[in-house]
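Dear colleague,

Here is the structure you will be working with. My notes on it follow below.

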Amino acid sequence: TDLDLHFAHEFATGATSPNPDIDSDGVGDPWFHNTLDCFWFNKLPNWGTYNPDVEDDPRLDRDDIDGWGPENLNLNVPEEAKAYHIGVHYWDDHEFDSSDATVRVFIYGELDAEVSYPGLERLDMWYVGTIPWAGGTGSFVDYNADGSPFVTPNYVNPAFPPPF
């Protein structure tokens, strides 16, 4: 199966976002944003300063397409007073049906959170949560305050049609 990790800048969402509101929560979705979502199509976006010596841009180091994982994404220098969105999109099931997903969030090399969702279906978009960054640190926050998962079924961004 092909589950894709998404890591989006806080400016990828909101009323002025160019992305559609596919999950119907009233604001543009951060997923598949051409410049502000780090994922398989945009593996090395330029978010922070344009100075190439400052490592303030995320990078998708590993895009796994065979289902054995993991996908690996890093951001060395987060921007102060920004929040980052984490999501998982079930891009292609390759006729293997549902799949389980686990996201591990490390901050300064230490495991901050491990969140799992059993039984994602093809084209499900799991909004895992956010990492608000302030005072030189951050910590993972579930999308829903009660810890329940937020999954949008049949999530298809018109700019990125699924493979079939």
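The protein chain exposes about 8,600 Å², and carbon and sulfur atoms supply 52% of that area (Shrake-Rupley method, 1.4 Å probe; for residues, only the protein chains shown count as cover). This is a predicted model, in which local features need pLDDT of at least 70 and side-chain atom pairs count only at pLDDT 80 or more, while totals for chains, interfaces and linings use all residues. Residues are numbered from 1 along each chain as its sequence is written, and side-chain values use heavy atoms, with hydrogens and water left out.

The protein chain has eleven strands and zero helices (DSSP runs numbered from the N terminus: E, at least two residues, for strands; H or I, at least four, for helices). Buried residues make up 46% of its 164 residues (buried: under 20% relative accessible area, 1.4 Å probe, protein chains only).

The structure holds 20 aromatic pairs (rings of Phe, Tyr and Trp, its six-membered ring, with centres within 6.5 Å; stacked under 30 degrees between planes, edge-to-face over 60, the rest tilted). Phe7 and Trp47 are stacked, at 6.0 Å centre to centre and 15° between the planes. Phe7 lies in strand S1 (residues 2–9) and Trp47 in the loop between strand S2 (37–38) and strand S3 (59–62), so this pair ties together parts 40 residues apart in sequence. Phe7 is buried at 9% relative accessibility, and Trp47 is buried with a relative accessible area of 9%.

Trp31 and Tyr127 form an edge-to-face pair, because their planes are at 80°, with the centres 5.0 Å apart. Trp31 sits in the loop between S1 and S2 and Tyr127 in strand S8 (residues 125–134), 96 residues apart.

Regards

Technical notes:
Buried < 20%, exposed > 50% of the residue type's maximum accessible area, 1.4 Å probe, protein only.
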